[in-house]
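Colleague: Could you take a close look at one part of this protein for me, the sheet and what surrounds it? I would like one connected account.

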Amino acid sequence: MFVKLASATPLGLSCQSVEVEVDIHKGQTNLSIVGLTDTSIQEAKDRIHSAIKNSGYNYPFNFRILINLAPANVHKEGTAYDLPMAAGIILAQSEENLVIDDTLVFGELALDGSLRPINGTLPMAMFAKEQGIKNIIIPTENLAEATLINGINILPAKNLKQVIEHLLKKQIISPAEKIIFKDQTGADTPFDMSQIKGQEFAKRALEVAASGGHNILLSGPPGSGKTLLTKTLPTILPPLTEEEMLEITKIYSIAGLLRYGLIRQRPFRSPHHTISNVALVGGGKFPRPGEISLAHRGVLFLDEFPEFSREVVEALRQPLEDGTITIARARGSMQFPARFILVASQNPCPCGYANDPQKVCVCLQSTLTKYQKKISGPILDRIDLHVEVPRLNFDKLSNTKNSENSEIIRERVISARKIQQQRFAHTNIFTNAEMGNSELKKYCALDPESLNLLRGAVEKMHLSARSYNRILKISRTIADLDKSENISINHLAEALQFRIKN
Ligand SMILES: Nc1ncnc2c1ncn2[C@@H]1O[C@H](COP(=O)(O)OP(=O)(O)O)[C@@H](O)[C@H]1O
Ligand SMILES: [Mg+2]
């Protein structure tokens, strides 16, 4: 007879509903699956056959089975339809037609009929709630993330048999309680700004970056503390809001990297420079978020920036501009969010000692030029703060005086962010770094004295128009840190120090 079950498929961070229709009637044994499916779904045929048999149910021989995944214009792939398809085949062998539309069913089947976890359970549970679907059956291992959603019955199942018994109302699965796990932390050990000796200039730059959401480039010889400085950046960023936590957790759910429920800390991602394009920006056969989306609302650290392949670096352009990444696919495109603070670090040259007062650089002039040219203008253009991190002398390193800890700096960052929140209320801008020309004009007016200073700097330092805009944005952030409505000459003077090649 005929059975219809409700399922869904993730599409970017949202979902699309899919109906699984199963019809069986007498004829030569055959199973066909239609509805714009790819090979991964066709492969499910054998898996379903084994799972049904090994769960103690009949596989209908001398029947023709037709499975339709609707709507037919949505491309379907992956293993999440294993469960509704197998359940449909079992249920369709009864004498009555059956339509179950108050329960969302999905999951991958093992050959013995047990359920395997699925990526993207959290967005699926959210989707079910939005659609007013009352129940959602999920693989037990996905329970932690699914229970983050309130107001919907989460029914964890271990295997196919349990699902069938439930759908036939023979043995009802009881809704799961909310699970509270301990944090899934991004960083292994928390660093604190007070551990860093000296480097006041770089620390201040990080404070400005955190406050205004500015990207930052750290240049300095090996061992000068670039990596250490960057690792402290998440500790001075404002805590995440509930909404942001859910958004980040959704991304990790789709990437299949979630095991412990809600992510409460800002992500810190530092991919190696040999990373591929797809791993950085996302994509692949079953589109997965890349490092830039995993760093969403946190920090993306690209250490040894000039070593990254040019193609990979260029792929950062669109996300740095838009805060999202669009992944083009054969059938339509999809989007993942990717709004992060980029911290790039570089040595001054391949050997690391160009311009060093004590050590001698052994690089050829030609390699030096090539190295410095590796980061393209358009990318540098999107990095507001360019900071030199010098090697510390012995006095500074052996200094035992305590400096400010992260918590104090974070308070200042939070109040600067509040000012920006009010300034950009009712727009889709969050921080000063995202200001376009019209906002620059509106919020970054200079008094005549400051204008004079800036004019002088532009002429003397041969600054380009883009450097000019960058200086204005940084000045705005420095003024916000100072709780000042107007940009004063002091703010501008400080901003000019974060200069700012080209
Ligand atoms: N200012 C500093 N205060 C304390 N330790 C530092 C400082 N700068 C560097 N270090 C230590 O020196 C080592 C190298 O620093 P690192 O951040 O890896 O340098 P880089 O990334 O610039 O090559 C690390 O063990 C770090 O803890
Ligand atoms: Mg380093």
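Modeller: Happy to. Axes here are lines fitted to C-alpha atoms, for helices over the stretch in contact, and angles run from 0 to 180 degrees between N-to-C directions. This is a predicted model, in which local features need pLDDT of at least 70, side-chain atom pairs count only at pLDDT 80 or more, and totals for chains, interfaces and linings use all residues. Residues are numbered from 1 along each chain as its sequence is written, while chains are lettered from A and ligands numbered from 1 in the order in which they are written.

Helices (H or I, at least four residues) and strands (E, at least two) are DSSP runs, numbered from the N terminus. Two strands pair if DSSP finds at least two bridges between them. The open sheet has seven strands with mixed pairing, ordered β3-β4-β2-β1-β5-β8-β9. At its edges are β3 (30–34) and β9 (153–157), each pairing on one side only. On average, neighbouring strands of the sheet are turned by 30° against each other, direction ignored.

Look next at β1 and β2 (residues 14–26), which pair in the antiparallel sense over ten bridges. Threonine 9, for instance, has glutamine 16 in β2 as its bridge partner.

Now for the helix: α3 (residues 82–91) lies across β1, β2, β4 (63–70) and β5 (98–105). Contact here means that the C-beta atoms of two residues, placed from the backbone, lie within 7 Å. Relative to β1, α3 runs at about 180°.
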